[in-house]
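Have a go at each task before reading its solution.

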Amino acid sequence: MAVFVALGAFLMTLAGGWVAQHVSDRRHLVLGFAGGLMLGVVGLDLLPEALDAAGEEIFGVPAALLLFVGGFLTAHLVERSLAVRQAAHGAGEERVPQVGLTAAAAMVGHSLMDGVALGAAFQIGGGMGAAVALAVITHDFADGFNTYTITSLYGNARRKALLMLFADALAPVVGAATTLLFTLPEQLLGCYIGFFGGALLYLAAAEILPEAHHDHPARSTLLCTVVGVGFIWLVVGFAGR
């Protein structure tokens, strides 16, 4: 059942990527919306989930929050190190394609964990599985949208962006299938989600949103960001988190 539901996530991810491809003439609005989706996913979905699952504190601070900060700093260090290396070879201040691919790979990893969470939820019971299925399927639209957008934003060819989109779409199916073989400990899953949320927040705040407002500092761009956050809020609310 979990694998069958994951096929819905597969289609929804592709739909999100398709939308991102066909609104290139409104690039600033696309980036503004993508930034809002990422901010909403991190603040309203990933971080609460990570805090619930990771549980224990380390020196007075929840482990999920420590990993959240660690993910933010890791994304910053990776981007800076790649940019410095690129500049040393005469590339100037151009965006580094490897950063986009790394970020997209992290999105694929997150989608894989979505599939694992989906399979684990159906192991617990049908009601729990249905709630998680709603959350996974609806927010995978945002995942597909963001995966294609962020890969393209860093100057990667359309072929690579489509490849990462397909990998992101396939990941929940693979993740759900693996739960037929083993069960991932809840605490480990929570720690991973916290780390990934920090990296995603860095990309939204330091890259996506500034780029959205660089050439078009319009109110419509800001409105798209707010709409993106609101969309994720609705998804989380309907999923009954």
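This is a predicted model: local features need pLDDT of at least 70, side-chain atom pairs count only at pLDDT 80 or more; totals for chains, interfaces and linings use all residues.

Residues are numbered from 1 along each chain as its sequence is written, and side-chain values use heavy atoms, with hydrogens and water left out.

**Exercise 1. Describe the chain as a whole.**

Step 1: Start with the secondary structure, taking helices (H or I, at least four residues) and strands (E, at least two) as DSSP runs numbered from the N terminus. There are 8 helices and 2 strands, and their order along the sequence is α-α-β-β-α-α-α-α-α-α.

Step 2: Turn to burial, where buried means under 20% relative accessible area, exposed over 50%, and partly exposed in between (1.4 Å probe, protein chains only). Of the 241 residues in the chain, 46% are buried.

Step 3: Look at contacts, meaning heavy atoms within 4.5 Å. Among those between residues at least 6 apart in sequence, 84% join residues at least 24 apart.

**Exercise 2. Work out how helix 1 and helix 6 are oriented.**

Step 1: Find helix 1 at residues 2–21 and helix 6 at residues 158–178; they pack at an angle of about 160°, with axes 7 Å apart. Axes here are lines fitted to C-alpha atoms over the stretch in contact, and angles run from 0 to 180 degrees between N-to-C directions.

Step 2: Classify the angle: under 35 degrees is roughly parallel, over 145 roughly antiparallel, 65 to 115 roughly perpendicular and the rest oblique. Helix 1 is therefore roughly antiparallel to helix 6.

**Exercise 3. Is Val42 buried or exposed, and what does it touch?**

Step 1: Locate Val42 in helix 2, residues 27–54. Val42 is buried, with a relative accessible area of 3%.

Step 2: Leaving out residues up to four places away in sequence, Val42 touches Leu47, Pro48, Phe68, Gly197, Leu200 and Leu201.

Step 3: Compare sequence with space: Val42 and Leu200 lie 158 residues apart in sequence, yet 7.1 Å apart C-alpha to C-alpha.

**Exercise 4. Describe the setting of Phe59 and its phi angle.**

Step 1: Phe59 sits in the loop between strand 1 (57–58) and strand 2 (61–62).

Step 2: Phe59 is exposed, with a relative accessible area of 84%.

Step 3: Although Phe59 is not a glycine, its phi is positive, about 50°.
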